[in-house]
Amino acid sequence: ADDLLRGLLLAAVLVMLLLPWWTDYSVAYHFVRRESVFKVYVLFNVLEVFDKLCCVFGQDVLDAVLNVALFSGCGLLYSGAVALAAAAFVFLHALVIFLRIVTLNVAVNSQNSALFAMLVSSNF
């Protein structure tokens, strides 16, 4: 059961490594770029909050996977479900980080330098 769970986690990690081939950066970039300055600013701040929430929640999710794998006598179905939930969470967090990078890139490349100044000043 442990070997199957570890294999499932390895497969999930390999799928997550293939994420850059699944996402089209230019589509995401132009989707964010066509928004107004205020919407991009709000989007960046919302993604920052989601990123912080994902970091905190992610530690608990991965701890639960570790506890199920090492200390629990749970069945294979439950262990697989926990591992798939963790993989889905990692995918979601990677997507949030990807959109945050796209939004920051839009801010850097925008004609309005005030947007970049607002984003940088909000981090200090």
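A nonpolar core is a set of buried Ala, Val, Leu, Ile, Met, Phe, Trp, Tyr and Cys residues joined through side-chain atoms within 4.5 Å. In this predicted model, the largest such core has nine residues, namely Ala28, Tyr29, Val32, Val40, Phe98, Val102, Val106, Ala107 and Leu115. The secondary structure of the chain comes to six helices and zero strands, and the radius of gyration, at 18 Å, is well over the 14 Å that the globule rule gives for 124 residues, so the chain is more spread out than a compact globule.

**Overall form**

- Taken along the principal axes, the box filled by the C-alpha atoms of the chain is roughly 55 × 30 × 15 Å, and the pattern read along the sequence is α-α-α-α-α-α.
- Of the 124 residues in the chain, 27% are buried, while the accessible surface comes to about 8200 Å², with 72% of it belonging to carbon and sulfur atoms.
- Where contacts join residues at least 6 apart in sequence, 83% of them are between residues at least 24 apart.

- Another core, of five residues, lies apart from the largest one and includes Val65, Val68, Val82 and Ala86.

**The aromatic pair**

- The structure holds one aromatic pair, formed by Phe57 and Phe89, whose ring centres are 5.4 Å apart and whose planes stand at 75 degrees, so the pair is edge-to-face, given that planes over 60 degrees apart count as such.
- Because Phe57 lies in helix H4 (residues 37–70) and Phe89 in helix H5 (residues 76–109), the pair ties together parts that are 32 residues apart in sequence.

**Phe91**

- Phe91 lies in helix H5 and, with a relative accessibility of 31%, counts as partly exposed, since that class covers values between the buried limit of 20% and the exposed limit of 50%.
- From C-alpha to C-alpha, Phe91 and Asn45 are 20 Å apart in space, and in sequence the two are 46 residues apart.

Technical notes: Residues are numbered from 1 along each chain as its sequence is written. This is a predicted model: local features need pLDDT of at least 70, side-chain atom pairs count only at pLDDT 80 or more; totals for chains, interfaces and linings use all residues. Side-chain values use heavy atoms; hydrogens and water are left out. Rings of Phe, Tyr and Trp (its six-membered ring) pair if their centres lie within 6.5 Å; planes under 30 degrees apart count as stacked, over 60 as edge-to-face and the rest as tilted. Helices (H or I, at least four residues) and strands (E, at least two) are DSSP runs, numbered from the N terminus. Buried means under 20% relative accessible area, exposed over 50%, partly exposed in between (1.4 Å probe, protein chains only). The radius of gyration is taken over C-alpha atoms; the globule rule is 2.2 Å times the number of residues to the power 0.38. Contact means heavy atoms within 4.5 Å. Accessible areas come from the Shrake-Rupley method with a 1.4 Å probe; for residues, only the protein chains shown count as cover.
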